[in-house]
Amino acid sequence: MADTARTARAGVPERPTLDGLEETWARHWQEEGTYAFDRSKQRSDVYAIDTPPPTVSGELHMGHVFSYTHTDLVARFQRMRGRTVFYPMGWDDNGLPTERRVQNVYGVRCDPSLPYEPHWRPPATPVSEERRKDPTPIDRRNFVALCERLTAADEQVFEALWRRLGLSVDWSLTYTTIGRVARATSQRAFLRNLARGEAYQAEAPTLWDVGFATAVAQAELEDRERPGAYHRLRFAGPGGREVLIDTTRPELLPACVALVCHPDDERYADLVGRSVRSPVFAVEVPVHAHAAADPAKGTGIAMVCTFGDLTDVTWWRELQLDTRVVIGRDGRLLPEPPHGVPAEPYAALAGQTVNGARRTMVQLLADAGDLVGEPRPITHPVKFYERGDRPLEIVSTRQWYLRNGGRDADLREQLLARGGELRWVPEHMKHRYDHWVGGLTGDWLVSRQRFFGVPVPVWYRLDDVGEPDWSHPLTPDEAILPVDPSSDPAPGFEESQRGLPGGFIGDPDVLDTWATSSLTPQIVGGWETDPDLFSRVFPMDLRPQGQEIIRTWLFATVVRAHLEHGVLPWRDAVLSGWILDPDRKKMSKSKGNVVTPMALLEQHGSDAVRYWAANGKPGMDLAFDPAQIKVGRRLATKLLNASRFALGLGAADALRAPATAPLDTAMLAELSGVVAAATSAFDAYDHTAALQATEAFFWRFCDDYIELVKERAYGSGPGAESARAALATALSVQLRLFAPVLPYVAEEVWSWWRYGSVHRATWPTTYEVGRSIEGPADPQLLRLAGDALGQVRRAKSERKLSMKAEVPLAEALGPAPLLEQLTLIADDLRAAGRITKLDLLPDRTPNLVIASAF
C-alpha cells in the first residue's frame, strides 16, 4: 500500500473545519489505494462482499444511502480487523427499467424488424411530452447503443455520489450486468444449466405484461388492490337446469373450457362428469370436481378459462382441459375465435382491449337475458408486474425455464437446506426465504421478450419449409462467449443462411435481469476467467441486500451457486430495513415521497448522513429524520474540536506512555469495556449498538473527563504526564472506533498526529487499552467524578453563575466507602469545579450529594 507510515503528518490546524473534507480525502484515498484489494492474501485473510449493483435507471435516494452505508461499515470494520476486503461495486444496467428510461428520455422505441441505420443519431434531450406519447421506432442495434449511452452517463453520477458518501469500494473492481464479462458469465452458466438439463424450453401459459410486451416470472409479481365487479352469468345445465356463475372477467367467456366445483359440494354433485352450455356462445363445457374449488366463494362453482388467473392454469393442467386462448400479446382479443366458438357472437369482441371487450360482453349477456341482476362492485387484488402499470394477462408462449424446486421436491428440499446453512441477520428473515421456496408453484421463467439484456445464447435449425427445430437448439463453444444470436451466425452456418429454409434463426429473447444478477459473485470473482482470484473470494463472506428481494436476488443466487458449485454463494446474509417518511410510510418512487441525498450530503456533510444511517439496525425500518443528521454533524464537529483540544495539551507526544492517576486509569478501564462492546456488536453486524456504546462514552469523555483533567494536563510532573498519556490513548482508540461511521473526520484528525490512514490502522483491542494502564483501574471512578462535577455545575446554573465562578466551600455527603473513592479524584474535582475547599461528610446521606456554598 502506498498509504503507509511514509505519509507525513499534517499537524493540528488553527481552525479545523468539516467543510471540504470529502473532496480532500476521497481524492487522497483513491490516489493512495487505501481501499485496494490485495489479491496476494490467502482466502482465510480475505473478507469478500457481494455488493448489490443498484439499478441505474433513475436517481439514488436515501434508501440506497441507508443500506449501502451499512455495508460500508462492515467493510471498514473488517479491514481494520486485518482482513483484506474484497469490496466491488456493480451497476445493474440491463433490463426493462433501462429500456423504459431510454424511451422516456429520447422518445424512441425499439422495432427489431427495422434494418440497422449506421448514421442514425439520437434526438436532443429533453424531448417533448408529445414525442414520449408517440415514440419514434428505431432498430434494435441503435436502441441498444442508446441504452448503453444513457446508462454510462447515469453510472458516472452514481459513482460520484458513492464516492462523496465515502464508500470504501475498490473502484478497480467495478462491473456492469450488461458488460462483456457479465454477458459471458451469464451465458456460460445458462449453457451449463442447459447441458445438465436444468434449463429447458416449453410452450406454456405465461404471465404477460402487455405494456412491456414480455413474459414475467413468479418472483416479479405483486398484488395491487383494484376496483372490479362480480357478474352473475347463467349457464344452461341438463334438463333445463340453470347454473349460475360469479366472475370478475366476463370477457373471457369465449375462453371457457370447464366449470369446477368442490368434490364435497352436494349442490353440484349431479353435474360432475356432465356438460353445461355457456351463455351467448352456446358452447358445451364439462363440469369437473377439484379440491381447490371454494364452496363459499360466489355460487360455489367456478368458470375455468384459458387463462384468467393462475388458478385457471392449475385446473387446466391438472384436469387436462382444452385450450381456448382469446387474449393476444398486445392485450387485445384475438381477431379469430378459438376452436369450437362460433364466429358471429365473437366478432363483436375481436380486436378490442380487455376493458372494451368486458363492456361489450356484459351487454351481450344482458341482451341474451343471461346476466342475472346488476354487477356487484368489489375491490380485489390483481396481479401486476412489479414495474408495470397494467394488469397481467396469461398467454401461451414458448419460454425458457430454469429448475428451482417449484416442480422438483428433491431440489426444493436441497434449497431449503441451503437456507438453513446461511447465517441470517436478523434471524427471522429466514422465514421469508422458507415461505417463498415452500410456496413455489413452477420453475423460474428466465427468458424475456426485450432487447437490452444478455441474449439467450442459442440458435435453431430451420427445416426444408423454414420451420424451426425447437427441440434441438444449437449452442456456441464457451470460448467464443459472449454471443448475440440476433447478429452472430449459428455454429456451422453463414450469416447469409439466416432465416432461410435449411438455414437457421437466432433466439430473439434475452435473459431475465435476475438470471444475470444472480451470478454477481461469479461475475466479479473471475469465475472461469481468473481461477486464482475466484479461489480467494468464493464462496463470499457477505451478501447485504434488501428484504424485499429475498425471493428474487437472494434465492436466485442460491439456486445458481447450488446448481453450478454445490455450495452456498456466501456465509452471511444481512437484510436491510426500509426508510420511512415522517408519517412512518415506506419511502418509494411510486409514492413520490423519496428524498434524494446529494443536497443533504453537501449541506450537512457525509459523516452526518452516515451517522443517521448507522442508527438503523439490519432488518429494522428507520424514519428519515433531518434532526438526526444534524446530531451527526454536531458529533463530527465535537470530535474535531475535542481532538484539537487534547492534542493542544500535548497528547500527541504521550502516546504509549502509561497512565497512572486514578481518574485516568478509570477512564481507560471504561474505554476498554467500550472497545469490547463495540467489537462484539460489529462482529454480530449490529453497527448501531457499536455506535451507541462509542458515542455515549465519547460525550462522557468530553463533558466529564476532559473538564476534570485539563488543569492537571496543563501542568507538569507525573500527574500531567499521566493525563496526557490517557488522552493520547483515548483519542487514538476513539478515532478508530468512530472511523467506520465517520470516516472523513476520523481520517482528518488522525492525519494531524499519526502516520498513514486510520482506515488501515488496527482495530483497537482491550489488550491495547489495558497495556496503557499502570496501577489500579476502577471504571466507576469516572462516573462518580462526573456525577460530582455535574452537581457543582447545576448549583452554578441555578444561581446563574459562570462555570468559572469560584466555589468557596463544597461539602460531599454520602456513604463512607463512596467518599473514600471520591478522595482518589478529589484534586481533579476541585480543579474542574473551581472549589476552594472540599469537605467530606461520610454517612450523612444514602447517595452522593455535593452541596456548594457561595
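Select Trp612 first: Trp612 is buried, with a relative accessible area of 1%. Buried stands for under 20% relative accessible area, exposed for over 50%, and partly exposed for what lies in between, computed with a 1.4 Å probe on protein chains only. This is a predicted model, in which local features need pLDDT of at least 70 and side-chain atom pairs count only at pLDDT 80 or more, while totals for chains, interfaces and linings use all residues. Residues are numbered from 1 along each chain as its sequence is written, and side-chain values use heavy atoms, with hydrogens and water left out.

**Aromatic pairs**

The structure holds 26 aromatic pairs. Rings of Phe, Tyr and Trp (its six-membered ring) pair if their centres lie within 6.5 Å; planes under 30 degrees apart count as stacked, over 60 as edge-to-face and the rest as tilted.

Phe66 belongs to helix 2 (residues 62–80) and Trp612 to helix 17, so the pair ties together parts that are 546 residues apart in sequence. Helices (H or I, at least four residues) and strands (E, at least two) are DSSP runs, numbered from the N terminus. Is Phe66 buried or exposed? At 0% relative accessibility, Phe66 counts as buried.

Now select Phe645 and Tyr714. Phe645 and Tyr714 form an edge-to-face aromatic pair, with 6.4 Å from centre to centre and 90° between the planes. Phe645 is in helix 18 and Tyr714 in helix 20, so parts that are 69 residues apart in sequence are tied together by the pair. Phe645 is partly exposed at 29% relative accessibility, and Tyr714 is exposed at 54%.

For one more aromatic stop, select Trp29, Tyr35 and Tyr744, which form one aromatic cluster.

**Helix 18**

Stay with the helix that holds Phe645 and select residues 626–648, which make up helix 18. Helix 18 has 23 residues and reaches 33 Å from its first C-alpha to its last, close to the 33 Å expected at 1.5 Å a residue. The expected span is 1.5 Å times one less than the number of residues in the helix.

Look at its start. A side-chain oxygen of Asp625 comes to within 3.0 Å of the backbone nitrogen of Ala627. Just after the helix, Gly650 takes a positive phi of about 100°.

Which residues of helix 18 are buried? They are Ile629, Gly632, Leu635, Ala636, Leu639, Leu640, Ala642, Ser643, Ala646 and Leu647. These buried residues pack against helix 16 (598–604), helix 17 (606–614), helix 20 (687–714), helix 21 (718–738) and helix 22 (743–753), where contact means heavy atoms within 4.5 Å.

**Salt bridges**

How many salt bridges does the structure hold? There are 54 salt bridges, each a side-chain nitrogen of Lys or Arg within 4 Å of a carboxyl oxygen of Asp or Glu.

Select Arg712 and Asp664. Their side chains meet in a salt bridge (2.8 Å, N to O). The pair links distant parts of the chain: Arg712 is in helix 20 and Asp664 in helix 19 (residues 662–683), 48 residues apart. Arg712 counts as buried at 17% relative accessibility, and Asp664 is buried with a relative accessible area of 0%.

Next, select Arg132 and Glu129. Here the salt bridge is 3.3 Å, N to O. Both residues lie in helix 4 (residues 129–133), three residues apart, about one turn of the helix. An α-helix has 3.6 residues a turn, so residues three or four places apart point the same way. Arg132 is partly exposed at 30%, and Glu129 is partly exposed at 43%.

A further salt bridge joins Asp839 and Lys837, with the closest N and O atoms 4.0 Å apart. To see a network of salt bridges, select Arg188, Arg192, Arg196, Glu198, Glu478, Glu528 and Glu564.

Two strands pair if DSSP finds at least two bridges between them. Strand 7 (residues 199–209) and strand 8 pair in the antiparallel sense over two bridges. Select Asp209, which stands opposite Thr214 in strand 8.

Notes. Polar contact = N/O pair within 3.5 Å; in protein donor to acceptor, adjacent residues only side chain to side chain.
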